[in-house]
Amino acid sequence: MRKISTPYLLLLPGVAFLFTFFILPIINLAQTSTQTPVGGGDTGQFEQTLRFSNYLDAFLENREQFGRSFVYATIATLLALAIAYPLAYAIALKGGKLKNFMLILVIAPFFTSFLLRTVAWKQILGEEGFVVPTLRTVGIISDSTTLTSTSFAVVMGMTYNFLPFMTLPLYASIDRIDPRTLEASGDLYANGFTTFRRVTLPLSMPGVVAGTLLTFIPAAGDYVNAAILGSPNTKMIGNVIESRYLKIVDYPTAAALSFTLMIVILILVTVYVRKAGTEELV
Amino acid sequence: MSHKVKDATIPHIPTGARISRWIGRNLIRIYAVFAFTYLFIPVAYTFAFSFNDSGKSNLIWKGFTFGNWQNPCGAPEVCTALVNSIKIGFLATFFSTILGTMIAFAIGRYSFKGRSTSNLMIFLPMATPEIVLGASLLSLFLVFKINPGFWPTVIAHVVFCVSFVVVTVKARIASLDPRLEQAAMDLYANERETFRRVTLPLVAPGIAAAALLAFSLSFDDYIITNFNSGTLKTFPEFVYASAARGIPAQANVIGSAMFFLALAIVITGQIVGRKRKVSA
């Protein structure tokens with residue numbers, strides 16, 4: 001017989017590790033968020049005063065960046081879904097012998113550092129790249145229009161960088177669909193579009209939910225794309241948290257912003273998962 | 001077969017119609033080609049500019065050279081940063097693969113009290129934005145007066161890699177045919193032998209995939225590292241810091257080399273996996 005203690009022994013090291021370096025820091029973050037600077041102290045010295053209005057101040061001061069983060073992340077997620085769904089569909093249902101090879105192609109860009117790829121986009125879309133002069137010659141954009149340092153570039157960068165996170169779960173769930181259900185739909189006189197809408201799409205919903213979450217969550221907290229491809233006018237909440245923490249050394253505000261970001265994302269995720277009706281996530 | 005018969009019964013289809021029919025049939029494949037092109041544009045750009053005879057700033061094409069590949073450490077700091085990233089990557093992979101695999105076996109193989117809580121604890125780090133993970137860990141280290149640097153970065157990487165290892169290995173465990181283990185037991189293998197001779201070899205490809213995933217996540221991480229590395233510079237941090245004034249071509253060499261190395265590992269893994277399946 002298997003011993004009852006076995007699963008607990010297996011769990012113990014990992015769970016203890018995650019408790020120490022994930023749960024405790026989050027608790028600590030919550031504590032930091034209500035601190036205030038020590039009167040007459042050095043920068044970086046704070047004391048606990050349970051000042052909950054830190055949250056209100058931090059939010060009001062940065063509501064523009066908050067709004068931008070969620071708008072950018074939402075657009076990037078929808079774009080990634082639109083680009084990745086047909087791709088995942090092609091790999092799963094039309095891939096044939098090349099299926100595994102195509103899957104490798106999806107993850108392969110990962111292996112070049114994502115920062116190098118983002119910098120590459122910056123140079124491709126920049127003034128010295130070939131895209132801007134071409135578009136200007138053709139007359140699609142005016143001479144004064146630039147592509148980098150715009151919200152377009154930031155959203156494009158996020159869409160690009162998180163695309164594999166969208167494609168892989170979509171592929172997994174489309175690949176799991178029994179092809180006979182699609183044949184059955186055709187036998188019952190459904191045309192291609194109806195089959196897609198009534199059979200393929202509903203059956204691939206777990207992949208849509210997992211993919212959108214895996215894209216939206218990192219996108220909402222991202223600041224690398226905004227820092228490299230954007231301008232001061234495209235700052236996201238991640239940029240604010242980063243500079244509050246590492247440059248201005250204003251830990252309470254940074255902590256309040258981080259905590260707010262986390263809570264908002266958790267609420268959105270819970271509501272979304274409930275609505276989408278999939279509980280099977282991990 | 002049926003296509004041939006059909007084509008024979010309809011003798012003359014205009015070329016234009018034939019082309020549009022072909023496009024209609026292969027639309028999704030044509031789309032896939034475009035999507036892959038999009039995915040690989042910056043990779044190709046990075047690779048191309050690794051051959052740029054650029055001098056300091058690798059912004060404009062100045063001429064072809066193998067010089068950067070012959071001397072990948074030619075730019076200051078770039079190889080120190082690379083070595084840091086590799087060291088951190090290996091340590092983070094080692095620890096997260098062990099911890100994650102143990103958790104995956106516990107959750108995937110046993111039902112016990114607290115299983116759903118453990119599941120939640122695995123899911124939460126994945127649902128937390130990196131910036132929150134990084135910032136909260138940094139504040140914990142500051143409370144305990146631990147200076148950011150090498151080991152804090154390793155710990156931070158293990159935190160976000162563990163969950164991905166658990167998910168990957170668990171998926172593999174779930175896909176195992178339980179009859180294989182039953183067969184081993186029927187053939188008088190005890191529990192330990194069954195695990196060592198049957199279960200573990202079957203789960204091994206999942207563990208290998210998880211380790212590869214953990215390494216690439218760690219090697220590529222910028223946000224969490226930036227919070228916890230202090231003055232230590234990893235390769236992504238090096239690229240980020242040099243992005244403003246143009247990254248040296250040597251960084252492109254390293255990025256491209258990593259790309260081909262990882263691709264070779266994955267493809268070898270696929271071929272070995274297929275051979276095993278054939279011989280089994």
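## Basis and overall make-up

Helices, as the word is used here, are DSSP runs of H or I with at least four residues, strands are runs of E with at least two, and both are numbered from the N terminus. With that numbering, A:Ser231 is placed in the loop between α11 and α12 of chain A. The model is a predicted one.

Chain A holds 13 helices and two strands, and its C-alpha trace spans about 80 × 75 × 35 Å along the principal axes. Of the 282 residues in chain A, 44% are buried. Among the contacts in chain A with a separation of 6 or more, 68% come from residues 24 or more positions apart.

In soluble globular proteins, nonpolar side chains tend to be buried together. The largest nonpolar core in this model has 145 residues, and those with the most contacts inside it are A:Ala84, A:Ala88, B:Ile103 and B:Val159. Helix α3(A) gives the most to this core, with 15 residues. Leaving aside residues up to four places away in sequence, A:Ala84 touches A:Leu163, A:Met166, A:Thr167, A:Leu170 and A:Gly211.

Two packed helices are described by the angle between their axes and the distance between the axes. For helix α3 (residues 63-94) and helix α7 (residues 151-175), both of chain A, the angle is about 40 degrees and the axes are 6 Å apart. Angles under 35 degrees count as roughly parallel and those from 65 to 115 as roughly perpendicular, and α3(A) and α7(A) are therefore oblique to each other. Their crossing is right-handed, and the contact of α3(A) with α7(A) has 24 nonpolar, three polar and one charged residues.

## A mostly covered helix

Helix α12 of chain A, residues 237-246, is mostly covered, with eight of its ten residues buried. These buried residues are A:Ile237, A:Gly238, A:Asn239, A:Val240, A:Ile241, A:Glu242, A:Arg244 and A:Tyr245. What covers them includes elements from both chains: α3, α10 (205-221), α11 (224-229) and α13 (251-276) of chain A, together with α6 (130-143) and α10 (223-228) of chain B.

## Contact between the chains

The contact between the two chains takes 66 residues from chain A and 69 residues from chain B. On the side of chain B that touches chain A, helix α2 (residues 15-48) of chain B gives the most, with 13 residues. By class, the residues of that side divide into 54 nonpolar, twelve polar and three charged.

## A helix pair in chain B

Within chain B, helix α8 (residues 178-186) and helix α9 (residues 191-220) have axes that come within 10 Å and cross at roughly 165 degrees. That angle makes α8(B) roughly antiparallel to α9(B), and the crossing of α8(B) and α9(B) is right-handed. On the α8(B) side the residues are B:Leu180, B:Glu181, B:Ala184 and B:Met185, and they meet B:Thr194, B:Arg197, B:Val198, B:Thr199 and B:Leu202 in α9(B). The residues of this contact divide into five nonpolar, two polar and two charged.

## Single residues

Two residues of chain B other than glycine have a positive phi: B:Glu77, with a value near 75 degrees, and B:Lys145, with a value near 55 degrees. B:Glu77 is found in the loop between α3 (67-70) and α4 (78-109) of chain B, whereas B:Lys145 lies in the loop between α6 and α7 (150-174) of that chain. B:Glu77 counts as partly exposed, with 15 C-beta neighbours inside 10 Å, while B:Lys145 is exposed, with 6 other C-beta atoms within 10 Å.

A:Leu266 and A:Pro109 are 157 residues apart in sequence, and their C-alpha atoms are 29 Å apart in space.

Methods: Residues numbered from 1 in each chain as written. Chains lettered and ligands numbered in written order. Predicted model: local features only at pLDDT ≥ 70, side-chain atom pairs only at ≥ 80, totals over all residues. Contact = placed C-beta atoms within 7 Å. Nonpolar A, V, L, I, M, F, W, Y, C, P; charged D, E, K, R; others polar. Axes fitted to C-alpha atoms, helices over the stretch in contact; angles between N-to-C directions. Parallel < 35°, antiparallel > 145°, perpendicular 65-115°, else oblique. Left-handed = near helix turned anticlockwise from the far one by under 90°. Buried ≥ 20, exposed ≤ 12 C-beta atoms within 10 Å, placed from the backbone. Core = buried A, V, L, I, M, F, W, Y, C linked by C-beta atoms within 7 Å.
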